[in-house]
Amino acid sequence: MNSVQTFMSGSQSAEQPIWVQDRDTVIAKSADNQWRYQTPPDYSRTNEFIKKESLYSHLEGSLEAIVQNLVRTFEMEASYKTNPQQWLSVAADKFRMITNGGPPHTAEDIVAVGTYNLFLGESQHYSSRAETFESSANIFTQAFTNGFLWEVIEVISGQPNVTFKWRHWGTFSGHYKEHAPTGETVEVVGVSIDRVTDDLKIESLEHYFDTSSFLGKLATGCPFHSQKSTDVTP
């Protein structure tokens with residue numbers, strides 16, 4: 001029986017590593033960490049929208065729930081913790097992230113420029129070279145005012161190379177650059193391969209999804225001209 005199956009067989013979440021429990025538990029145990037905006041993030045509003053809009057309900061302790069918790073914890077730490085040595089979800093010295101077969105990036109790369117810039121690169125509708133960590137986060141926070149939510153659809157294979165299908169979604173309720181909101185739901189479906197250690201820390205994370213389709217959905221709103229906001233508060 002592998003480690004994932006072992007944790008699945010336990011009925012008590014206390015038997016699982018903290019990084020595969022829910023991210024709010026991780027935040028509560030990380031109060032003294034180095035936070036990008038000085039204080040820990042508050043996911044209470046995001047959690048409410050997830051409850052309302054999620055299409056999948058995974059049983060606590062199931063493989064899907066464990067993977068979902070692990071990746072949500074990683075996303076939180078990548079977005080808000082500025083010291084990768086304090087990330088509980090990854091084997092920091094080994095960690096690499098790859099998108100659509102591109103170059104590998106370290107945890108330090110993520111801290112420096114942010115996941116959006118590493119995911120999206122250069123295209124007609126987005127330029128990672130023109131954005132910082134803060135400005136890229138601000139762009140998508142403005143576009144998805146109720147959050148850009150994420151959940152696991154299904155886990156295809158288990159440890160050590162955990163392969164899973166996921167969806168990212170949000171209501172396009174705020175402007176994206178010069179494009180007005182459409183009020184429509186923007187959804188991205190992808191597949192990731194998460195190589196984990198015996199204790200379920202992420203060593204590498206490979207994402208595969210259509211970045212051009214995602215950005216194209218945001219660029220469909222009527223263009224307008226406005227002064228660029230300088231508010232970077234998540």
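**Which residues is Ile-193 in contact with, leaving aside its neighbours within four places in sequence?**

**View 1. Ile-193 and its partners in a predicted model.** Every view here comes from a predicted model, so enjoy it as a prediction. Ile-193 sits in strand 4, which covers residues 185–196. Setting aside neighbours within four places in sequence, Ile-193 is in contact with Asn-161, Val-162, Thr-163, Ser-204, Leu-205, Glu-206 and Tyr-208. Is Ile-193 buried, partly exposed or exposed? With a relative accessibility of 26%, Ile-193 counts as partly exposed.

**View 2. The largest nonpolar core, with Phe-164 among its members.** This core holds 50 residues. Those touching the most other members are Phe-74, Phe-95, Phe-140, Phe-164, Tyr-176 and Phe-214. Helix 4 contributes the most to this core, with 9 residues. Beyond four places in sequence, Phe-164 has contacts that include Val-67, Val-71, Trp-150, Val-152 and Gly-190.

**View 3. Thr-99, a buried residue of strand 1.** Strand 1 spans residues 96–99, and Thr-99 lies in this strand. Thr-99 counts as buried because its relative accessible area, 12%, is under 20%. Not counting residues up to four places away in sequence, Thr-99 touches Leu-118, Phe-119, His-207 and Phe-209.

**View 4. The largest pocket and its lining.** How much space lies in the largest pocket? The answer is about 1200 Å³. Its lining has 42 residues, and Glu-75, Ser-79, Tyr-80, Tyr-116 and Phe-148 are the closest to the centre. Several elements give two or more residues to this lining, including helix 6 (115–120), helix 7 (133–143) and strand 5 (202–208). Helix 4 gives the most, with 7 residues. Sorted by class, the lining has 25 nonpolar, 12 polar and 5 charged residues.

**View 5. The second largest pocket.** About 550 Å³ of space lies here. Of the 22 lining residues, Asp-22, His-58, Gln-68, Asn-69 and Arg-72 lie nearest the centre. Helix 2 (23–28), helix 3 and helix 4 each supply at least two lining residues. Helix 4 has the largest share, 5 residues. The classes here are 5 nonpolar, 10 polar and 7 charged.

View 6. Gln-38 is exposed, at 66% relative accessibility. At 29% relative accessibility, Lys-177 is partly exposed.

**View 7. How confident is the prediction, and where is pLDDT below 50?** The protein has a mean pLDDT of 90, with 88% of its residues reaching 70 or more. Over residues 1–12, however, pLDDT is below 50, and this stretch has 20 contacts in the model beyond near neighbours in sequence. Residues 225–234 also stay under 50, with 10 contacts beyond four places in sequence. Where pLDDT is low, the predicted coordinates should not be read in detail.

Note on methods
Residues numbered from 1 in each chain as written. Predicted model: local features only at pLDDT ≥ 70, side-chain atom pairs only at ≥ 80, totals over all residues. Heavy atoms only, no water. 1 Å grid on protein atoms, 1.4 Å probe; cavity = no way out; pocket = protein on both sides within 12 Å on 5 of 7 lines; lining within 4 Å. Points joined across faces, edges and corners; volume = space filled by probe spheres on them. Helix = DSSP H or I, 4+ residues; strand = E, 2+ residues; numbered from the N terminus. Nonpolar A, V, L, I, M, F, W, Y, C, P; charged D, E, K, R; others polar. pLDDT = per-residue confidence, 0-100. Contact = heavy atoms within 4.5 Å. Core = buried A, V, L, I, M, F, W, Y, C linked by side-chain atoms within 4.5 Å. Buried < 20%, exposed > 50% of the residue type's maximum accessible area, 1.4 Å probe, protein only.
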